[in-house]
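Trainee: I am new to this structure and would be grateful for a close look at a single part of it. Please begin with one loop and then lead me through the elements around it.

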Amino acid sequence: RLRIEEDGLEKALVNYQKALQTYEDLGKKDSRAYLPYIAAVAYNLSTFYLQCLSDKEKSGSFAKNVIEIARKFPQLPRVQEYSKSAEQVLESIQRGN
């Protein structure tokens, strides 16, 4: 059972990484159109690393990336929502949760 769970986590991580790379590649042509998707996947990776893999360093890195994107594009409400959630991830890391 543990091996099945590990395989599932590994597949999920690979899929998240592929999605992020795809959106980043598309974003090179039209960053405004794809930034909400980049922020969403980066946020998901942040929570995935924190909750599933207990990797606070990588989780924090992805959360900071979301916040950085939000600062560059304050006019994108969905990105701002992801930023607020990413700030909560960072607060959780700082509290040691």
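**From a loop to its helices**

Mentor: Ser54 is found in the loop that joins H2 to helix H3 (56–72); helices here are DSSP runs of H or I with at least four residues, numbered from the N terminus. The model is a predicted one, in which local features need pLDDT of at least 70 and side-chain atom pairs count only at pLDDT 80 or more, whereas totals for chains, interfaces and linings use all residues. Residues are numbered from 1 along each chain as its sequence is written, and side-chain values use heavy atoms, with hydrogens and water left out.

Ser54 is not a glycine, yet its phi is positive, at about 50 degrees. With a relative accessible area of 60%, Ser54 is exposed. The scale calls a residue buried under 20% relative accessible area, exposed over 50% and partly exposed in between, with a 1.4 Å probe and protein chains only.

Phe48 lies in helix H2 and, at 7% relative accessibility, counts as buried. Setting aside residues up to four places away in sequence, Phe48 touches Leu9, Ala12, Leu13, Tyr16 and Leu53, where contact means heavy atoms within 4.5 Å. Phe48 and Lys58 are 10 residues apart in sequence, and their C-alpha atoms are 9.7 Å apart in space. Ser46, also placed in helix H2, is buried with a relative accessible area of 0%. Beyond residues up to four places away in sequence, Ser46 touches Ser59, Phe62, Ala63 and Val89.

Ala12, one of the residues that Phe48 touches, has its place in helix H1. Its relative accessible area is 25%, so Ala12 is partly exposed. The C-alpha atoms of Ala12 and Ile69 are separated by 23 Å, and the two residues are 57 residues apart along the chain.

Aromatic rings come next. Rings of Phe, Tyr and Trp (its six-membered ring) pair if their centres lie within 6.5 Å; the pair is stacked if the planes are under 30 degrees apart, edge-to-face if over 60, and tilted otherwise. By this rule there are 7 aromatic pairs. One of them joins Tyr23 and Tyr37, whose ring centres are 5.1 Å apart and whose planes are at 20 degrees, so this pair is stacked. Because Tyr23 lies in helix H1 (residues 2–27) and Tyr37 in helix H2 (residues 31–51), the pair ties together parts that are 14 residues apart in sequence. Tyr23 counts as partly exposed at 25% relative accessibility, and Tyr37 counts as partly exposed at 35%. The pair of Phe48 and Tyr49 is edge-to-face, because the ring centres are 6.3 Å apart and the planes are at 80 degrees. Tyr49 counts as buried at 5% relative accessibility. Tyr16, Phe48, Tyr49 and Phe62 form one aromatic cluster.

The H2 and H4 crossing is left-handed, that is, the near helix is turned anticlockwise from the far one by less than a right angle. Among the residues that make the contact are Tyr37, Tyr43 and Ser46 of H2 and Arg78, Tyr82 and Val89 of H4.

The contact residues include Ser59, Ala63 and Val66 of H3 and Tyr82, Ser83 and Val89 of H4. Ser83 lies in helix H4 and is buried, with a relative accessible area of 5%. Leaving aside neighbours within four places in sequence, Ser83 is in contact with Val66, Ile67 and Ala70.

Methods. Helices (H or I, at least four residues) and strands (E, at least two) are DSSP runs, numbered from the N terminus.
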